[in-house]
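Hello,

Here is the structure you asked about. Please open it first, then read my notes below.

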Amino acid sequence: MAGKWQLKDHEAERRIFNRRLVVAGTFVFLLFMALVAKLINLQVVQHEYFSARSDGNRLHSQYVPPARGLIFDRAGRLLADNQPIFNLTVVREQVGDLDETLAFISELINLSDDDIEQFRTRLQRNRVPFSSVPLRYVLTDEEKSRVAVNSHLLPGVAIEPQFVRHYPLASLTAHSVGYVSEINRRELDSLNDEERENYGGTNHIGKTGIERTYEDLLHGKVGYEIVEKNNRGQVMRRLDRTDPVAGKNLTLHLDSRLQIAAEKALGKYRGAVVAIDPATGGILAMVSKPGFDPNLFVTGISSKDYSGLITDQVNTPLFDRTTNPYPPGSTVKPFLGLAGLQHGFVDYDFAIEDPGYFRLPGVSYRWGDYTLRTAIGGGHGHTDLQKAIFQSCDTFFYDLGNRMGIDTMHSFMSQFGFGQNFAVDIDYARTGVLPSREWKRATRGEPWYPGDTINSSIGQGYMWATPMQLATAAAIMANKGKVVQPRLIKATDGVPYEPEIANPVPDVVVEDQDYWRYIQESMTMVVHRPYSDTFRDYGTAFEAIAQADRDMAYTMAGKSGSAQVVGISQEILSSEDIEVSDLNKDHALFISFAPAMNTQIDPQIAIAVFVENGEHGSSVAGPIAKAVTDAYLLDILELDFAAMKEKELQEAEAAEAAKKEAEAARLISQSDD
Amino acid sequence: MINQDFIRQSTGFFSPRSRANTLSRLLHTDPPLLIGILLLCSFGLLILNSASEGSAMVVQRQAIVMTIGLVVMFIVAQFNVHFFRQWAPSLYIAGLALLVLVLFIGAEVNGAKSWLDLPGLPRFQPSEIMKFLVPMLVAWYLSSRPLPPGFKHLFWSAVMVLLPAGLIIVQNDTGTAIMVAMSGIFVVLLAGIRWSIVITGFIALLLASPAWYLFLAQEHQKNRILTFFDPYRDPTGAGYNIIQSQIAIGSGGVYGKGYGNGAQSHLDFIPESNTDFILAVLAEEFGLLGVVFLIGLYLFVLFRGFYIAWSGKDTFSRLLAGSITLTFFFYVFVNMAMVSGLMPVIGLPLPLISRGGTAVITLFVGFGLLMSIHTNARRRIH
């Protein structure tokens, strides 16, 4: 080793090394300078750009959805409120492998194929990047904690609280209040830019009923906030906030107690009840039975539940029976009778001798009395308009209708809302059909035949009306011609709200105000005219209403009707749920208002009852109308009819006394002369 | 020899020079280097505290590792540099044996089968030891040959470097293999290898790199290269780290956002913010000034290392000291260049700042060797 050392030139080696060291030092310095140059480029030259990028990373402007307005009934009871739920949401941009994440989540919580499918649909919608998309609604506490524990394995997945619509009365308000559900693509596309902005934080939109009609009022105005989020999308800080403006609270004319009573009164039947306050047109009750639970739709109805609702061809729970038309049957008779009086085709003394059928001159076909079809033969004998109404004599109206003609019938009846939608805020209500020559030519391409008029004059044939229209007509009758247009909305945020009426309807004017009294009296007889020795001289609904309740405190005016069932599908006939014979039974109808013929108080409620396959208007639909009227007048308004009667007697006595006094005074003054 | 050394040193205790100086010589310490290291360590712990969201555990653990490192450094410094020269071949062969042993009974961590679990010893990586055994052996080999080295010596040097590097590559730890190879190559460069050879080799590497890229490079390596040229080709995948780290650095500006206010790191946008990408945290919170301050500290330590190499008493000492210093620089530069986007991403920590375990101890062994070299050189001068 020592030998080798001596061979080396130590000084030369040191010089070589030192030179290399200097080179190395220079390199080190230069490379650091390059690094500093790069840093200056990043931190000085591009500083603004990267600052903006950094803020873009952490700062997120997000929508703050407004609280949807609540919906109350007329007494301030909740019909729709907002309840907190916890949703599992996903920010797509922050999830690596979506399939893997979904698979992992479904290990943690119950995640149905339905949920995943709906989630994928939501993902495909137009949406703001980095916005969270609901994957599953309504997490239970256990599910929440399971997700929370694994949150570090689930970037982009979060639990978000949300307020969703809740309908405490469930199926009772399904068709009137309606429901909200997730905004779909079509609805989103129909919004203009400003509206779309306003719906930026909103997942739900009113789909039916009041929720849809007053969507603008209920929704409110979106707010904004700027938040700082971390890499996993969790909000760390709120930096700025513009508060949303909550939607307006709506008060409806609906009375939930009456709604419950009406639903109960329908009992086992499918059908509809519409009750209107004749003074305002406010809809007090609007029940279509069977209903469905609107809460199911709010957070996305499962396809199983939904197909259950749409495949039930017999009960058709989604079908709103209050706003869809049926043949009105004999319920139109009071209105036709009024038309007869107004246009001079009948007067109080006019009467026919009813043989039980009607025959057009020169035509052999006999129009039988529909009412008597199942009862013993023969007609009603000597029949005036009053009897024709309380006995529901078809022959009388065949004759009246025939003489009146379809043109007069059409123009008079349309004043009561037949063939039109008088409702102010139920734009989806069907108009039914009030036939006319033009209508038949336009829809059937056929001329109007005299026989068509005869069918129409007992509310059959081409004539179709919705329970809503019948209740409206009954209210106008109760008002003696003052037209009220049905409405659900009563007030917004406690301030009375008068909806804009696009085409106001004029009142029904008749030549002699006494015609109203006459028809109302006839309708009262339908309910109250008792059995007597005279042949067929009782009200058709007497047995089922006034006789059934001998202590009935108030007077009720009514008219029954029944309508033939048309067009039952083969599918329904093959259904095993219900006896086919039941589905062939007539629909039962009843219209009424009360209290009637009361000097102390105007009518408070007008009602139309429709009972699907109820068969008998008087005995099935009549008692339902009576029960609803009872509930409203006696239980809700708590009217004291005994006191009213007493006052009426006192007034009559006072009037009698005054009359006597005046008579006496006249005699005295005469004797003075 | 060690004892003699110690006795000779101790006589200086009563010398007229300052007592601190005497004490440092007694402990075989180089005060400027020690101060530089301690400053770096303190600054590192400060940054780590912010980068790990004030997690006391992480910072404490790092402080403990650094303390152990300092103790190891002092122990290593006590050995005379001649001891290392004499034992270099034996140590090297023992190291190689351990590397081979790893191939059979090694434990795998993070995809690299480089850990050895021997009974009675803490778990360690033999490849780490090679980081100073390779330059030691090459320095030993070349220092006993005339410089600049001839082809024959270069060939044997290459064998000494490539043998362990190859074994480490087989362990699937390319990063460490490159570091081990570089530490040996630095010795050869400092030993005066002709520039023509260096340049030829460099050009050969350049020419070979496309072939490497096409036939040998693994998918993730190709990705890193592509990402270096265009981070935005996959902004949420391969490019994510570098994009976020550049955003952090750039948004820091000249003065930084303030300690603990780095949004990028505190909101978890920077991945591995307390290991490989800790520079981004520093740059975001302390700005350009902070980074320049750190570079200044590094330069101080590096130039002290160069000074020690310069004043080494023999070729072995000089070569070893130079190589250790340059390897340290290589670490620092590669990490900083990678994080700021000057180089493709290579998984290397920032020395003394990033969180780490055995790699930190290895650094301190290197510092210990520097101190050993310097304190022994100084004895001869006085």
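Is the crossing of H13(B) and H14(B) left-handed or right-handed? It is left-handed. Keep in mind that this is a predicted model.

First, the helix pair in chain B. Helix H13 of chain B covers residues 278–310, and helix H14 of chain B covers residues 315–340. Their axes come within 9 Å and cross at roughly 165 degrees. Angles over 145 degrees count as roughly antiparallel, so H13(B) is roughly antiparallel to H14(B). Residues of H13(B) in the contact include B:Leu279, B:Tyr298, B:Leu302 and B:Phe306. H14(B) contributes, among others, B:Arg318, B:Phe328, B:Phe329 and B:Val332. By class, the contact has 14 nonpolar, four polar and one charged residues.

Now the sheet in chain A. Five strands form an open sheet, in the order E12-E11-E21-E20-E19. The pairing is antiparallel. Strand E12 (283–289) and strand E19 (557–563) of chain A are the edges, and each pairs on one side only. On average, neighbouring strands are turned by 10 degrees against each other, direction ignored.

Look at one pair of strands in detail. Strand E11 of chain A (residues 271–276) pairs with E12(A) over six bridges. A:Ile276 has A:Ile283 as its bridge partner in E12(A).

Two helices lie across strands of this chain. Helix H11 of chain A (residues 256–266) lies across E11 and E12, at about 35 degrees to E12(A). Helix H24 of chain A (residues 617–636) lies across E11, E12, E19, E20 and E21. H24 runs at about 35 degrees to E20(A).

Best wishes

Note on methods: Residues numbered from 1 in each chain as written. Chains lettered and ligands numbered in written order. Predicted model: local features only at pLDDT ≥ 70, side-chain atom pairs only at ≥ 80, totals over all residues. Pairing = 2+ DSSP bridges. Helix = DSSP H or I, 4+ residues; strand = E, 2+ residues; numbered from the N terminus. Axes fitted to C-alpha atoms, helices over the stretch in contact; angles between N-to-C directions. Contact = placed C-beta atoms within 7 Å. Parallel < 35°, antiparallel > 145°, perpendicular 65-115°, else oblique. Left-handed = near helix turned anticlockwise from the far one by under 90°. Nonpolar A, V, L, I, M, F, W, Y, C, P; charged D, E, K, R; others polar.
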